[in-house]
Amino acid sequence: MDLSHRRYLYSAIIVGVALLYILRLFYIQVIDDSYKLDAMNNSRRFEVHHPARGLVFDRNGKLIVANEAAYDLMVVTGQIKDLDTAALLDIIHVSKESFMTEFKKAKKNRYRPYPIIKQISAETYARLQEQLYNFPGFYVQTRTVRNYPYHCGALVLGYISEVNNNDIKENNYYEQGDYIGKIGIEKTYESYLRGVKGGNYYQVDVKGRVKGSLEDGKYDKPVVLGKNITTTLDISLQEYGERLMQNKKGSIVAIDPKTGEILALVSAPTFDPNIMVGRLVSENYSKLANDPLKPLYNRPIQGDRYPPGSTFKTLNALVGLQEGIVNQHTMYGCQAGYYSGGLHVGCHNHESPIDLIESIKMSCNAYYCNEFRAILDAPKYASVRDGFLTWQSHIKSFGLGNKLGVDLPSERPGIIPRAEYYDKIYGKNRWKSLTIVSLSIGQGEISMTPLQMANVAATIANKGYYYTPHIVKEIDDTVFDKSFIQRHETKINKNYFDLVTEGMYQVVQGGYGATAWHIALKDIAICGKTGTAQNPHGIDHSIFMAFAPRENPQIAISVYVENAGFGATWAAPIASLMIEKYLSDTITNAWREKQILEKDFIH
């Protein structure tokens, strides 16, 4: 390249860079208002207007999360004259130590407003308003906080609290002092509930004194209110479930099988969500977090170390039917349990041999040990491992071993063991059906969340399909998530569900001797299955799953009471009361209700 060409190239580069600078300056000075606002930063004040969060309703239109006014005491320290600290503290009832700690923070920027006392009460605000003229530099900013009229559903509804540094880093919408949903619906649907902040710009002098609106409100921003949400919850059923589970550890999950809508999601122990509102949020959270009973642990969706116990026999029955291993008339004997070599799996006394329907009715361990081994050892499979993989595929089609996708944070997947797990322990092709026979009765390595168990009941009620369980039904002016209306089909032929349903019907309606005959209701046909899950750390867990009525089911439910013994004793009666409450809004067995309400498994 000769020198003349180089000269042209260098000239082009210089002209190009100059043009970029000119265009950038034009954009900053003429087009982009944000730079103009930054230039005026020292002579303006932006007074934020926080939108009211969206309201939350239950499925029947009852207001379950409301708003109420709260007041932040703001200060511009550069405007203070002869502050009578004692007089101010006497009005606002705050310790001098905490006040001075915040006051020192406020003084770091003397002409910027700072929230020195947050969320003062309405009573304090009323007193302060009368005396505020005595305290130049102080003013009150109004915001809204949450109120929970029914005092229940803490973990499912959630709460809001002040943002932390991580919240601010993750989303530039938030600034110090803003509030954000932390758990439950408040967290999942935060972007809908929070609305959009607005506010007014004011011209101020060098001491931060307001001189008027900035350019006649040209830069003011309108507030956009948060969207209202209608949940799937029946708040009366939720409230009743929490009463039944008081002084107990465990959970209740109720689902509408036709839609996957969650009717109640009870975690026990629980707490009044109103304690997570106001200036004592941090103190109350610390108490909850350190409580050995773990009230912040959302058992219905996080309790994935619960073995399903005998409720799992319904699934093994369906797999056996699908694979042609058993039919309605297949019978196995039981001599107070199952015996093979040195292994003994105990069982309670009942007639022997029994068929498939009776095996569910009487919850026979021996029947399912025999049936499970027959599935894995079937000649049509090349190996026990292949039989296990077929069994596993059927089981996982019920949504087990994975997260269901509920619209609440922190769901756990439960456990359906993989063949590789047993390969690692015993060696590939060195484990047998007898090695893992505990899976036949819902023990061993299997675990599922109470939500998954309720979903299994819903799937059986639907004869082989389910909808993803969800807690929100509708959001104002919003197209809702269509994934919640998509059917999930199991790998079991729908014709086989009638036999299992009949067995579950006999569990409750089969008369004296059936495992849950004592919870039968006069006018509601309940189909259920008891479970007693072994607990290596103490007393067994009491479990029950059910749906009702038998024809056209409207509710599917799981109940899990930790350290309460047999499923029939405590979990089943609780489920019966919940079903009757939901379907008829009455309780016919007052004695049973009183017994449950008064039972204390904690103290």
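The largest cavity is lined by residues that include His50, Arg143, Tyr179 and Lys197. A cavity is a set of points, on a 1 Å grid over the protein atoms alone, where a 1.4 Å probe fits but cannot get out; lining residues have an atom within 4 Å of a point. This is a predicted model: local features need pLDDT of at least 70, side-chain atom pairs count only at pLDDT 80 or more, and totals for chains, interfaces and linings use all residues. Residues are numbered from 1 along each chain as its sequence is written, and side-chain values use heavy atoms, without hydrogens and water.

**Largest cavity**
- About 170 Å³ of space lies in the largest cavity, where a volume is the space filled by probe spheres set on the points, joined across faces, edges and corners.
- Its lining has five nonpolar, two polar and five charged residues.
- Nonpolar means Ala, Val, Leu, Ile, Met, Phe, Trp, Tyr, Cys and Pro; charged means Asp, Glu, Lys and Arg; the others, Gly among them, are polar.

**Second largest cavity**
- The second largest cavity has a volume of about 50 Å³.
- Domain 1 (46-69 + 152-204 + 213-231) and domain 2 (235-598) both line the second largest cavity, so it lies between them; the bounds come from an automatic or database domain assignment.
- Gly153, Gln238 and Asn298 are among its lining residues.

**Second largest pocket**
- A pocket is an open set of points with protein on both sides within 12 Å along at least five of seven lines.
- The second largest pocket holds about 650 Å³ of space.
- Of its 27 lining residues, Lys118, Glu162, Tyr179, Arg279 and Ser282 lie nearest the centre.
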